[in-house]
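Please work through the following exercises with the sequence and the model side by side. Try each task before reading its solution.

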Amino acid sequence: METTDQQKPGVGNGNGAPSYWSSVAIASVLFGIIAFIISITMIYITINSEATGSFFSPSQLIGVLGCLVGAFGGMVATWHYASEFDVPIKLGKGALIGLFTGFGISLISVLLNQLWGLIDPDMTQQMIDSMVANFEAMDLPEEQKQQMIDSTVQNMRSQQSIGSQLLWGLPMYGILNLLTGMIGAKLFGKDEDELA
Amino acid sequence: MMYPRLAHNRKLYGIVAGLCVLLLIVASGGGLFHQTGFWMGDWQHQAFRMLCHQDPARSFWINGKPMAVCTRCYGIYAGFSLLWLGLPMLSSGIRFIKRHAGRLLVGAITVNIIDVVVNMLGFWQNTLASRTVTGAVIGMTAVLYLADKFLTSTQKT
């Protein structure tokens with residue numbers, strides 16, 4: 001079938017450009033689940049590990065490996081968009097796709113965290129108990145230990161609210177995925193010259 | 001004009017520059033603002049909680065508080081932000097950048113992966129400084145990779 005430049009999806013990034021929402025949704029769900037799995041795994045390893053008296057727990061090994069993993073959703077979304085529609089992607093559009101993907105990742109991971117709270121309602125308390133036991137095993141003055149425990153308990157409880165999780169999740173995932181979305185646009189988006 | 005050689009995507013450049021500076025300030029942690037209380041409760045630490053392991057032993061400290069991210073993450077943000085702000089000054093080397101930036105970025109990522117794996121296997125002990133430098137190289141090469149989209153014309157008008 002013959003197509004004109006106007007009908008070619010995405011050419012010129014005009015009104016005929018295909019929607020990127022499916023790419024945003026797919027990357028959001030995928031990386032939202034990954035972020036949730038990393039978070040939940042770290043929590044359970046912390047719960048089940050012995051108090052070492054160290055700030056660095058075995059669970060953080062996963063954190064080291066998974067550092068910034070949640071930031072690559074934007075790149076994957078632009079890859080999906082480019083491969084699905086075979087279109088050029090301007091840097092600004094890549095940034096926008098990344099930004100929305102970051103928002104999506106945050107929303108999905110928060111939603112899954114809340115749902116997990118229904119499956120295992122004792123998780124937060126167990127996590128708090130484990131961290132308190134770890135602080136108590138530290139070789140520090142009693143007053144300092146108590147301050148750390150109070151602060152951590154208060155912090156852990158406040159982090160359980162949807163509002164608190166979204167307050168930081170939305171902007172941080174948004175910004176980092178915006179950056180990787182730009183890189184994805186350059187990496188996977190075809191130059192308009194190639195399609196001309 | 002402050003950046004006379006920035007040819008394209010100026011608005012996007014400005015937005016990203018602002019966000020990078022913001023990111024760097026937040027990543028520096030509560031010590032930068034002389035916040036009181038235990039560092040784990042600082043809003044900066046909460047902001048990066050899902051993005052970095054935040055091990056204080058692997059972070060720089062400011063005013064008695066660890067930064068909100070590890071040294072490698074801080075290196076990435078700092079390297080990206082600093083070179084991003086200096087991006088317009090790179091226009092004279094655009095031909096070199098255009099030709100080699102992709103390879104440099106892949107090389108930087110590879111060096112970091114090797115650094116992490118070799119350190120975990122015990123063959124090499126990386127330090128705060130080495131992690132920062134290798135992270136900064138990723139951030140800087142990422143800017144180089146994007147540079148030609150801001151410095152030269154790549155799209156037909």
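The exercises below go from the fold of one chain to its interface and then to single residues.

The model is predicted, so local features need pLDDT of at least 70 and side-chain atom pairs count only at pLDDT 80 or more, while totals for chains, interfaces and linings use all residues. Residues are numbered from 1 along each chain as its sequence is written, chains are lettered from A and ligands numbered from 1 in the order in which they are written, and side-chain values use heavy atoms, with hydrogens and water left out.

**Exercise 1. The fold of chain A**

Task: Describe the secondary structure of chain A, and state what percentage of its residues is buried.

Solution. Begin with the elements, where helices (H or I, at least four residues) and strands (E, at least two) are DSSP runs numbered from the N terminus. Chain A has eight helices and zero strands, which gives the order α-α-α-α-α-α-α-α from the N terminus on.

Next, take burial, where buried means under 20% relative accessible area, exposed over 50%, and partly exposed in between, with a 1.4 Å probe and protein chains only. Of the 196 residues in chain A, 48% are buried. The chain exposes about 9600 Å², and carbon and sulfur atoms supply 62% of this area (Shrake-Rupley method, 1.4 Å probe).

Finally, turn to contacts, that is, heavy atoms within 4.5 Å. Among the contacts in chain A with a separation of 6 or more, 81% are between residues 24 or more positions apart.

**Exercise 2. The interface of chain A and chain B**

Task: Work out how much area the two chains bury between them, and which parts of chain A take part.

Solution. The size of an interface is often given as the accessible area lost when the parts come together. Here, buried area is the accessible area (1.4 Å probe) that two parts lose on being put together, summed over both. Chain A and chain B bury about 3700 Å² between them, with 74% of it on carbon and sulfur atoms. W168(A), M172(A) and K186(A) supply 17% of the area that chain A buries against chain B, more than any other three residues.

The contact takes 40 residues from chain A and 39 residues from chain B. The rule finds one salt bridge across this interface, a salt bridge being a side-chain nitrogen of Lys or Arg within 4 Å of a carboxyl oxygen of Asp or Glu. On the side of chain A that touches chain B, the elements giving two or more residues are α1 (21-48), α2 (59-66), α4 (91-119), α5 (123-136), α6 (142-158), α7 (162-188) and α8 (192-195) of chain A. The largest share, 13 residues, comes from α7(A). By class, the residues on this side of chain A divide into 24 nonpolar, eleven polar and five charged (Ala, Val, Leu, Ile, Met, Phe, Trp, Tyr, Cys and Pro count as nonpolar, Asp, Glu, Lys and Arg as charged, and the others, Gly among them, as polar).

**Exercise 3. A residue in helix α1**

Task: Is S23(A) buried or exposed?

Solution. S23(A) is found in helix α1 of chain A, and S23(A) is buried, with a relative accessible area of 0%. Leaving out residues up to four places away in sequence, S23(A) touches A77(A), H80(A) and Y81(A).
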